[in-house]
Amino acid sequence: MKKGLVFNIQRYSVHDGGGIRTIIFLKGCPLRCPWCSNPESRKSVAPSTWRKHGKKETIGCWRSTGELVDEVMKDEIFFRTSGGGVTLSGGEVLMQADFAADLLKEFHELGVHTAIETTGCFPVEELQKITPFLNQVLFDLKIMDPKSSKQVLGLSVSLVKENFAFLLAQDHLDVIPRVPLIPGYTTSEENLQALIEYLQEKEIKMVHLLPFHQYGSSKYDYLGWEYTMQEAVPLTSLAVEQIRQRFLAQGISANIDGLE
Ligand code: SF4
C-alpha cells in the first residue's frame with residue numbers, strides 16, 4: 001500500500017480554495033523561500049525532528065490514502081454545505097506527485113472538490129499525473145527575474161512559466177495565481193510590473209495576494225535554523241491596498257487571501 005509523508009492536517013480552513021476545506025500538508029520542498037512559514041516541511045521527503053519548548057518532536061508521519069480519505073471524509077458535510085473540499089498543500093505537493101495523484105483520485109471519485117497549492121517547481125510530467133483528478137490549482141508566482149529567482153529561491157522561472165501555461169490549457173481546471181507580498185523580495189516596482197505584464201500576457205483577470213506575516217518565525221528556533229526575515233516588517237494595510245489597486249488599474253482584480 002502506497003503511503004505519503006504528511007506533516008499536518010488542518011480542518012475548517014477558509015483559505016486555500018473555495019468554501020470550508022481540509023488541508024493536507026505533504027512534507028518535502030526543494031525550494032528555500034526566506035519567508036517560508038512552514039520551514040519544517042522543507043528539504044527531502046523523510047521524517048525529521050525539531051525541539052519545541054525543549055521537547056524533541058518528529059515531523060512527518062507516513063499515511064495511506066485510505067487513512068487520509070477516512071479522516072477527511074468526516075468533514076464531508078462541511079464540504080457539501082459550503083462548496084468546500086480538500087486541498088493538498090506543503091511543502092511542495094509535486095515532490096510526492098505519485099502519492100498525491102492516488103489520493104486526489106480517491107477524493108475525485110467520491111465527488112469531493114479537489115485543489116492543490118504548488119510553485120510548479122518540477123517538470124510538467126509531475127503535474128500531468130495529478131491534473132485529471134483536480135478541480136482547482138492555487139499557483140504561486142513569486143520572483144519573476146530568472147537570476148534572482150534562482151539565487152534566492154532555487155527556482156527556475158522558465159519551469160514555472162511552462163507549468164503555469166500547461167495548467168491554463170486544461171479546460172476543466174480553475175487556476176488561481178497567488179502572489180506572496182514579501183518586502184525586499186516580491187514587492188519591488190520591477191517585480192510587481194513583471195508579474196502584472198506576465199498575467200496580462202496570459203489574459204488573467206484575477207489574482208490572490210498573500211501579505212507577508214511572521215507567524216512561522218518561532219519554527220526556525222525549533223529547527224535551530226537561521227531566520228533571515230526576523231527584522232522584516234509586514235506591509236501596512238494601506239501598502240497592501242495600494243498594490244491591490246495597482247493590479248486593478250491594469251485590469252486584474254486582486255483578492256487579499258490566506259497565508260504564505
Ligand atoms: S515553496 Fe512554500 S514550502 Fe517551499 S520553501 Fe517556499 S514557502 Fe516554503
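In this predicted model, the protein chain exposes about 11800 Å² of surface, and carbon and sulfur atoms supply 51% of that area. Turning from the surface to the interior, buried residues make up 52% of the 260 residues in the chain.

The fold itself is built from nine helices and eleven strands. The radius of gyration is 18 Å, close to the 18 Å that the globule rule gives for 260 residues, so the protein chain is as compact as a globular protein of that length. Along the principal axes, the C-alpha atoms fill a box of roughly 50 × 50 × 35 Å.

Charge comes next. The protein chain carries 27 positive and 32 negative side chains, and the centres of the two sets lie 5 Å apart. A search of the whole structure finds 14 salt bridges, and a few of them are worth a visit in the viewer.

One of these salt bridges joins the side chains of Arg11 and Asp75, with an N to O distance of 2.5 Å. This pair links distant parts of the chain, as the two residues are 64 residues apart: Arg11 sits in strand β1 (residues 3–13), whereas Asp75 belongs to the loop between α1 (65–72) and α2 (76–82). Arg11 has a relative accessible area of 36% and is partly exposed, while Asp75, at 1%, is buried.

A local pairing is found in helix α3 (residues 97–109), where Lys105 and Glu109 lie four residues apart, about one turn of the helix. Their side chains meet in a salt bridge at 3.1 Å, N to O. Here, Lys105 is partly exposed at 36% relative accessibility, and Glu109 is exposed, with a relative accessible area of 58%.

A further salt bridge brings together the side chains of Lys142 and Asp140, at 3.9 Å from N to O. Both Lys142 and Asp140 are buried. This pair belongs to a network in which salt bridges that share partners join Glu117, Asp140, Lys142 and Arg178.

Terms used: Residues numbered from 1 in each chain as written. Predicted model: local features only at pLDDT ≥ 70, side-chain atom pairs only at ≥ 80, totals over all residues. Heavy atoms only, no water. Rg over C-alpha atoms; globule rule 2.2 N^0.38 Å. Buried < 20%, exposed > 50% of the residue type's maximum accessible area, 1.4 Å probe, protein only. Areas by Shrake-Rupley, 256 points an atom, 1.4 Å probe, with all protein chains shown as cover. Lys, Arg positive; Asp, Glu negative; His and termini not counted. Charge placed at Lys NZ, Arg CZ, Asp CG, Glu CD. Salt bridge = Lys/Arg side-chain N within 4 Å of Asp/Glu carboxyl O.
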